[in-house]
Each structure stands twice: as C-alpha cells, then as structure tokens.
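Have a look at the fold before reading on.

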Amino acid sequence: MENNLTVVEYKEHDKLVDFYISRGIEFGDDKKYFHPPVFSYVALINDELVGAITVCKEEDDFILDEVAVKEEYTNKGICKTLVDTVIKRIEKENGNCNMYLVAKHPEVFTSMGFKEIPREDSPSFSECFTCPDFQKNCFPKVMVKNIIVLEDKKIK
Ligand SMILES: CC(C)(COP(=O)(O)OP(=O)(O)OC[C@H]1O[C@@H](n2cnc3c(N)ncnc32)[C@H](O)[C@@H]1OP(=O)(O)O)[C@@H](O)C(=O)NCCC(=O)NCCS
C-alpha cells in the first residue's frame, strides 16, 4: 500500500458524486444517492483525492453504496483499506449486522470476506434492480459480509 496514504472521514457526501461518476458508477440525472449516506471516507495521497467510499443504512444493516479508486492508483490495496476502515467503525459502533453491496466486480470483494447471495435473500436496497439494464446488459452480484463482533468471554 502507498506509504503516504491517509484515510479520513468526509462529511460532504454530495461532493464525492462527480468522483464516483468519473469512475463509472451510475447516478441519476439528479446526482442523488439512492439512500441518504451515513458516512463517507476519502483516501488521500499528498492531499489528492485517490479513493472514496460511502455507506448507507437499511434498517439495522449497512449498504456499501459506492467505492471507487482513481484509475492510476488501483491495485495498491486502497479499496481494501477503505472497506476495512468502514467495517472497523461499524464493528465498534454497531456490533453484529450485515453489510450488503451490489458488485459489478464481485472478485474484488470476496477477498474482503463478502460472499455472493441470491438477490431474493437481500433487502431490496438498490436502484440497480429497477434499472432497465439489470440482468440484460449488466449482471451485478448481490454480496453480503456478516459483521460479527465476538464478545471477550467467547474467546478461549
Ligand atoms: C473496484 C475498485 C474500487 C478496486 O479498487 P482497488 O484499490 O484497485 O482494489 P484493491 O487494490 O484494494 O484490491 C482488492 C482486491 O481486489 C482485487 N482486484 C482489484 N481490482 C480487480 C479487478 N478489476 N478484477 C478482479 N480483482 C480485482 C485485488 O487483486 C485485491 O485482491 P487480493 O486482496 O486478493 O489481492 C477500482 O477498480 C474502481 O474504482 N473501479 C471503478 C469503480 C467500481 O467499479 N467500483 C466498485 C463498484 S462494485
């Protein structure tokens, strides 16, 4: 991973939309998130935005709504660092829950502990499912990571 990478919380979620769009993530004409974001983090190298992640909530569970890394900084573990950051925060603040995502590139997320599930087993949380391209020209996979916080007494 890049030595001078910093990851910080960023509260101006709307200002990240153009970055996500620049990396091929779809937004409607209104450039609004499907669910209101609960938190975002940005990855910076020498103050340059090189990656971002935005998480939303669906009842007791979380949705990894968007994650993107600038093309020239891909394959350096930045996405993994961003995902680890949000998972640590959720573990600390929420305890046991699920984090869902609709992944165009499921391979990226399997190494982070996400597993594919049938769409019917997930809450209907994504605008992907109503997109005309869904299962016609675009075949994203629904994935989940079970976030389980072990209580100290259960550790031998
Ligand atoms: C997908 C994306 C966020 C990955 O970011 P990244 O910083 O390059 O990912 P990482 O370097 O942290 O890689 C994490 C893992 O995914 C793998 N990976 C990364 N890009 C991959 C690709 N295109 N295909 C398959 N595996 C890939 C890495 O090898 C790594 O696996 P490992 O831990 O077993 O070595 C980035 O390519 C991107 O911004 N793409 C455009 C936007 C997008 O598709 N977002 C995700 C929507 S589901």
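The hairpin of β3 and β4 has two residues between its strands, and Glu59 there takes a positive phi near 55°. Strands here, like helices, are DSSP runs numbered from the N terminus (E, at least two residues, for a strand; H or I, at least four, for a helix). This is a predicted model, in which local features need pLDDT of at least 70 and side-chain atom pairs count only at pLDDT 80 or more, while totals for chains, interfaces and linings use all residues. Residues are numbered from 1 along each chain as its sequence is written, and side-chain values use heavy atoms, with hydrogens and water left out.

β3 and β4 pair in the antiparallel sense over eight bridges, and Glu58 stands opposite Asp61 in β4. Two strands count as paired if DSSP finds at least two bridges between them. Glu59 itself sits in the loop between β3 and β4, and it is exposed, with a relative accessible area of 69%. For the record, buried means under 20% relative accessible area, exposed means over 50%, and partly exposed is in between (1.4 Å probe, protein chains only).

Asn46 is another case: its phi is positive, about 50°, although it is not a glycine. You'll find Asn46 in the loop between β2 and β3, and it is exposed too, at 61% relative accessible area.

Now for the sheet. In what order do the strands of the open sheet run? Seven strands form it in the order β1-β2-β3-β4-β5-β7-β6, and the pairing is mixed. At the edges are β1 (5-9) and β6 (115-116), each pairing on one side only. Strands of a sheet pair through backbone hydrogen bonds, either parallel or antiparallel. Here are some of the pairs:

| Strands | Sense | Bridges |
|---|---|---|
| β3 and β4 | antiparallel | eight |
| β4 and β5 | parallel | two |
| β5 and β7 | antiparallel | seven |
| β6 and β7 | antiparallel | two |

Phe62 stands opposite Met99 in β5, and Met99 has Lys145 as its bridge partner in β7. Cys97 stands opposite Ile147 in β7, while Glu116 has Met143 as its bridge partner there. As for cover, nine of the nine residues of β4 are buried, so β4 is largely enclosed by the rest of the structure. β7 is mostly covered, with five of its seven residues buried.

What about the inside? In soluble globular proteins, nonpolar side chains tend to be buried together. A nonpolar core is a set of buried Ala, Val, Leu, Ile, Met, Phe, Trp, Tyr and Cys residues joined through side-chain atoms within 4.5 Å. The largest one here has 29 residues, and those with the most contacts inside it are Leu64, Val83, Met99, Phe109 and Phe114. The elements giving it two or more residues are β2 (37-45), β3 (48-58), β4, α2, β5 and β7 (141-147). Of these, α2 gives the most, with seven residues.

Phe109 is a handy landmark. Leaving out residues up to four places away in sequence, Phe109 touches Leu64, Val67, Cys79, Val83, Leu101, Ala103, Phe114 and Met143, where a contact means heavy atoms within 4.5 Å. Apart from this core lies another, of 11 residues, among them Leu16, Phe19, Ile25 and Leu44.

Finally, the largest pocket, with a volume of about 1,100 Å³. On a 1 Å grid over the protein atoms alone, a pocket is an open set of points where a 1.4 Å probe fits, with protein on both sides within 12 Å along at least five of seven lines, and lining residues have an atom within 4 Å of a point. Grid points are joined across faces, edges and corners, and the volume is the space filled by probe spheres set on them. Of the 38 lining residues, the closest to the centre are Ile25, Val67, Val102, Lys104 and His105. β4 (61-69), α2 (78-94), β5 (97-103) and α3 (106-110) each supply at least two lining residues, and β4 gives the most, with seven. By class, the lining has 22 nonpolar, seven polar and nine charged residues. Asp, Glu, Lys and Arg count as charged, Ala, Val, Leu, Ile, Met, Phe, Trp, Tyr, Cys and Pro as nonpolar, and the others, Gly among them, as polar.
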